[in-house]
Amino acid sequence: MSGDAFIVKSDHIVKTYRGKRVLSDVTLRIPENSITAVLGPNGAGKSTLLRIIVGMVQPEAGSIEVLGQKPGWALNRHIAYLPDRASWYPHHDVTQAVEWGHMMLPGFNADWAWELLEQMNLEPSMPVAGMSKGQEARLMLALCMARDVPLIVLDEPFSGIDLLSREKIIAVLIDSLAERGQSVIMNTHEIVETESLFDYAVFLDSGQVMLASEVERLRQERGSVENVYRELYR
């Protein structure tokens, strides 16, 4: 859709909440057909940046294009967004959740959803009300990933999830994304476990871009994304 090599282009964007500068002069070029990590400590502005990308929040200054357009409602049908601390309707079971996705979510592919849910060990009759946090997180991620859209945005998809559930989710992500050519932008603190996913990394601190680079270059120069993170934030 965007016609160039970047899924996101931002220039000097600024966002303030309650008198506090959350993002300051953020200029980025995030490549298409890549899995991009947005990294940084708590309060760095990661979630705010993602909300601006999906059009939930508007910057006070600067400009941003996503898929070649200004973010907003018209663009939402082309973006799958999983917010932090998302939860599903407790009165649904897995089958009803897939039926809801098929009716309500643009680009939803039920076959993809069932394939992902099987890989995540979620049975069709399993009620959401009885799920663990990790199981519900797998359900939410499967519904988000089942959309045939050019961009998927995930805000802390592993937050508060046990190690085994994280490993299962990461394995499914690697398998499914390799086949589809979708772009993914993900905010996560789980750097060691997820590093193998990423093609590009953006490091934020205090609302500013500290570094943005291809992950392969970072590995060649500094060994790992984890090493870069430790150097930047120690």
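Histidine 102 lies in helix α2 (residues 94-104); helices (H or I, at least four residues) and strands (E, at least two) are DSSP runs, numbered from the N terminus. With a relative accessible area of 53%, histidine 102 is exposed; exposed means over 50% relative accessible area, buried under 20%, and partly exposed in between (1.4 Å probe, protein chains only). Its C-alpha atom is separated by 9.5 Å from that of leucine 143, 41 residues apart along the chain.

The model is predicted: local features need pLDDT of at least 70 and side-chain atom pairs count only at pLDDT 80 or more, while totals for chains, interfaces and linings use all residues. Residues are numbered from 1 along each chain as its sequence is written, and side-chain values use heavy atoms, with hydrogens and water left out.

**Helix α3**

Helix α3 (residues 110-119) has Ala113, Leu116 and Leu117 as buried residues. They cover an arc of only 100° around the axis, so they sit on the same side of α3; the arc is that of the directions from the helix axis to the C-beta atoms. On the face turned away from this buried side are the exposed residues Asp111 and Glu118. At the start of α3, a side-chain oxygen of asparagine 109 comes within 3.0 Å of the backbone nitrogen of aspartate 111.

**Nonpolar cores**

A nonpolar core is a set of buried Ala, Val, Leu, Ile, Met, Phe, Trp, Tyr and Cys residues joined through side-chain atoms within 4.5 Å. The largest one has 50 residues, of which Leu139, Leu141, Ile152, Leu154, Leu173 and Phe203 touch the most other members. Helix α4 (residues 133-145) gives the most to this core, with 8 residues. Leaving aside residues up to four places away in sequence, leucine 139 touches Trp88, Val94, Ala97, Leu117, Leu122, Val128 and Met131; contact means heavy atoms within 4.5 Å. A second, separate core of 27 residues includes Leu23, Leu50, Val57 and Val153.

**Strands**

Two strands pair if DSSP finds at least two bridges between them. The table lists four pairings.

| Strands | Sense | Bridges |
|---|---|---|
| β1 (residues 6-17) and β2 | antiparallel | 8 bridges |
| β3 (residues 35-39) and β7 | parallel | 4 bridges |
| β6 (residues 151-155) and β7 | parallel | 5 bridges |
| β8 (residues 200-205) and β9 (residues 208-214) | antiparallel | 6 bridges |

An open sheet of 3 strands has the order β2-β1-β4, with antiparallel pairing. Its edge strands, β2 (20-31) and β4 (61-66), each pair on one side only. Phenylalanine 6 stands opposite proline 31 in β2.

Strand β7 (residues 183-187) is largely enclosed by the rest of the structure, because 5 of its 5 residues are buried. Ser183, Ile185 and Asn187 point one way from β7, and Val184 and Met186 point the other way. Within β7, valine 184 is the bridge partner of isoleucine 35, and asparagine 187 stands opposite aspartate 155.

In β9, serine 213 is the bridge partner of alanine 201. The hairpin of β8 and β9 has 2 residues between the strands, and serine 206 takes a positive phi near 50° there.

Terms used
Polar contact = N/O pair within 3.5 Å; in protein donor to acceptor, adjacent residues only side chain to side chain.
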